[in-house]
Amino acid sequence: MSADKLSAREAALIAQARVQLGKAPPARADSSATVQVARVKRTVPAAPAPESARSAPGADPAERLAALMAAARAESERQRERQRRLYLWAPLGFISVAGLWVLAWMWHRL
């Protein structure tokens, strides 16, 4: 896959995998690449990693990279689902509070 088709997160995961495997030093030493790699490190899911990700350092880099990408996609999907729930319950809570306030105001006006 060409470099221009990779997202920033995928590029950071690939760089992280290369550094962990000792294949190559980080491509850039600028702060944006460091921040992206640090952001990826914080989003590791709580579920146990696949068997290929926990294997010895001499494991196939392609399998390890695929496992890291799958973990990142799973984390993204979990965050997207959490955001969908927030978009449902936040407006519902606001409308409920406003409705209760209107009912209390109407009760007070009697």
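## Basis of the model

The model is predicted, so local features need pLDDT of at least 70 and side-chain atom pairs count only at pLDDT 80 or more, while totals for chains, interfaces and linings use all residues. Residues are numbered from 1 along each chain as its sequence is written, and side-chain values use heavy atoms, with hydrogens and water left out.

## The two helices

Helices here are DSSP runs of H or I with at least four residues, numbered from the N terminus. Helix α1 has 14 residues and reaches 20 Å from its first C-alpha to its last, close to the 20 Å expected at 1.5 Å a residue. The expected span is 1.5 Å times one less than the number of residues. Just after α1, G22 takes a positive phi of about 75°.

Helix α4 has 49 residues and reaches 72 Å, close to its expected 72 Å.

## The nonpolar core

The largest nonpolar core consists of five residues: L13, A17, L68, M69 and A72. Such a core is a set of buried Ala, Val, Leu, Ile, Met, Phe, Trp, Tyr and Cys residues joined through side-chain atoms within 4.5 Å. Buried means under 20% relative accessible area, exposed over 50%, and partly exposed in between (1.4 Å probe, protein chains only). Helices α1 and α4 each supply at least two residues of this core, and α4 gives the most, with three.

## Salt bridges

A salt bridge is a side-chain nitrogen of Lys or Arg within 4 Å of a carboxyl oxygen of Asp or Glu. By this rule there are five salt bridges. One of them joins R73 and E10 at 3.8 Å, N to O. Because R73 lies in helix α4 and E10 in helix α1, the pair ties together parts that are 63 residues apart in sequence.

E75 and R78 also form a salt bridge, at 2.8 Å. These two are three residues apart in helix α4 and therefore separated by about one helical turn. E75 is buried because its relative accessible area is 6%, whereas R78, at 45%, is partly exposed.

E77 and R80 form a further salt bridge, with their closest N and O atoms 2.8 Å apart. E77 is partly exposed at 36%, as is R80 at 41%. Salt bridges that share partners join E77, R80, E81 and R84 into one network.
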